[in-house]
Amino acid sequence: MSRSIFLVGPMGAGKSTIGKLLAAQLRLPFADSDKVLEEKTGADIPWIFDVEGEAGFRRRESDVLSQLCAGPVQVIATGGGIVLKEENRLLLRKHGLVVYLQASIDQLLERTSKNSNRPLLQVPDPRARIVELVNERDPLYREVADLVCETDHCTPKQAATRVAERLTETDTAG
């Protein structure tokens, strides 16, 4: 791979889990933009949301993305809202191949239901919130995606293998 690979998609689509496996298969380093952000700030994402609000978090998220884009070729799992800012969409397209990991609402709800580290889902009706987020962000994920991979009916390892195969085809053709 001559370019970084960015994984985008809603929370619960499997970006971090699949990203680690994909990086291992492609023999590339792996970075999770949310983890990098937490390491750089010394604070977890819910705390940043509480103190700085979503706008403050999004600013920090953009800074981390810029730093990751300037780094070595790697597999990068991004936060679910990274596509909300046009500047981020431009960076994603310019600096790598973008893979949209897609999953059904049921799968997203199941995968996120046990994780309290998701500030946007701390609402009375998480399902309605997921639907709202997917409806808002799906067009943006599609706008930046070089390929779309469905993650519902496969294990993370199968999804990573599928993505690796399709990326190899894309990289060879491009």
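A residue counts as buried under 20% relative accessible area, as exposed over 50% and as partly exposed in between, using a 1.4 Å probe and protein chains only. Asp152 is buried, its relative accessible area being 15%.

This is a predicted model, in which local features need pLDDT of at least 70 and side-chain atom pairs count only at pLDDT 80 or more, while totals for chains, interfaces and linings use all residues. Residues are numbered from 1 along each chain as its sequence is written, and side-chain values use heavy atoms, with hydrogens and water left out.

Asp152 lies in the loop between strand E5 (147-150) and helix H7 (156-173); helices (H or I, at least four residues) and strands (E, at least two) are DSSP runs numbered from the N terminus. Beyond its neighbours within four places in sequence, Asp152 is in contact (heavy atoms within 4.5 Å) with Gln102, Ala103, Ser104, Gln107 and Arg111.

Two helix pairs are listed below. Axes are lines fitted to C-alpha atoms, for helices over the stretch in contact, and angles run from 0 to 180 degrees between N-to-C directions.

| Helices | Axes come | Crossing angle |
|---|---|---|
| H3 (residues 45-69) and H4 (residues 86-95) | within 10 Å | roughly 15° |
| H5 (residues 105-112) and H6 (residues 126-144) | within 10 Å | roughly 125° |

Angles under 35 degrees count as roughly parallel, over 145 as roughly antiparallel, 65 to 115 as roughly perpendicular and the rest as oblique. H3 and H4 are therefore roughly parallel to each other, and H5 and H6 are oblique. Ser62, Leu65, Ser66 and Cys69 of H3 meet Glu87, Asn88, Leu91, Leu92 and His95 of H4.
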